[in-house]
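Visitor: I'd like to learn how to read strand pairing and disulfides from a set of coordinates. Could you walk me through a case?

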Amino acid sequence: MMSFVPLLLVGILFPAIPAKQFTKCELSQELKALDGYRGISLPEFICTVFHTSGYDTQAIGENKGSTEYGLFQINNKHWCKSNQIPQSRNICDISCDKFLDDDITDDIMCAKKILDIKGIDYWLAHKALCADNLEQWLCEKL
């Protein structure tokens with residue numbers, strides 16, 4: 001009974017954020033509009049997101065004193081605002097928490113800004129793991 005009370009309190013104090021664990025084909029459908037953006041193919045995007053977040057909208061990663069959020073692992077030092085780094089540049093003009101829900105519209109908008117400014121190599125997984133042999137990242141259901 002004692003362990004139930006803390007769990008109940010956690011559930012009340014931190015309500016669940018709707019999240020989505022995408023499949024390759026679901027994410028391909030969602031990112032279809034990115035195909036060809038800045039010369040990057042859809043399979044490259046799918047591969048990069050897989051190796052970055054595992055298709056999980058609630059993925060959070062630590063990176064040298066900063067935090068990365070969501071599908072695209074968007075960093076709070078430059079791209080979004082968080083309490084952890086109040087002096088963030090917040091280039092995407094958004095709270096980092098918005099990258100943890102199941103609406104990925106804002107994630108895609110920020111990813112496009114990152115692509116416009118930094119290019120696809122902002123995501124280290126791309127060059128190392130997603131530059132060739134992309135057939136496995138195609139979804140036949142599109």
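Visitor: Which residue in β2 is the bridge partner of glutamate 62?

Guide: Threonine 67 is the bridge partner of glutamate 62. Bear in mind that we're looking at a predicted model.

Visitor: On to sulfur. How many disulfides does a search of the whole structure find?

Guide: The search turns up four. The idea is to look for cysteine sulfur atoms within 2.5 Å of each other. Number the bonded cysteines along the chain and the pattern reads 1-8, 2-7, 3-5, 4-6.

Visitor: How far apart are the sulfur atoms of cysteine 25 and cysteine 139, and what is the handedness of their link?

Guide: Their sulfur atoms sit 1.9 Å apart, and with 110 degrees about the S-S bond the link is right-handed. Cysteine 25 belongs to helix α2 (residues 24-30) and cysteine 139 to the segment after α5 (124-129), so this pair ties together parts 114 residues apart in sequence.

Visitor: Is cysteine 25 buried, exposed or partly exposed?

Guide: Buried means under 20% relative accessible area. Cysteine 25 has 21%, so it counts as partly exposed. Cysteine 139, at 11%, is buried.

Visitor: What about cysteine 47 and cysteine 130: is that disulfide left-handed or right-handed?

Guide: Look at the torsion about the S-S bond: it is about -75 degrees, so the disulfide of cysteine 47 and cysteine 130 is left-handed. Cysteine 47 is in helix α3 (residues 42-53) and cysteine 130 in the segment after α5, so parts 83 residues apart in sequence are tied together. Their sulfur atoms are 2.0 Å apart, and both cysteine 47 and cysteine 130 are buried.

Visitor: Which cysteine is joined to cysteine 80?

Guide: Cysteine 96, with an S to S distance of 2.0 Å. The torsion about this S-S bond is about 100 degrees, so the disulfide of cysteine 80 and cysteine 96 is right-handed. Cysteine 80 and cysteine 96 both lie in the loop between β3 and α4 (105-117), so the pair links parts 16 residues apart in sequence. Cysteine 80 is buried, as is cysteine 96.

Key
Residues are numbered from 1 along each chain as its sequence is written. This is a predicted model: local features need pLDDT of at least 70, side-chain atom pairs count only at pLDDT 80 or more; totals for chains, interfaces and linings use all residues. Side-chain values use heavy atoms; hydrogens and water are left out. Two strands pair if DSSP finds at least two bridges between them. Helices (H or I, at least four residues) and strands (E, at least two) are DSSP runs, numbered from the N terminus. Buried means under 20% relative accessible area, exposed over 50%, partly exposed in between (1.4 Å probe, protein chains only).
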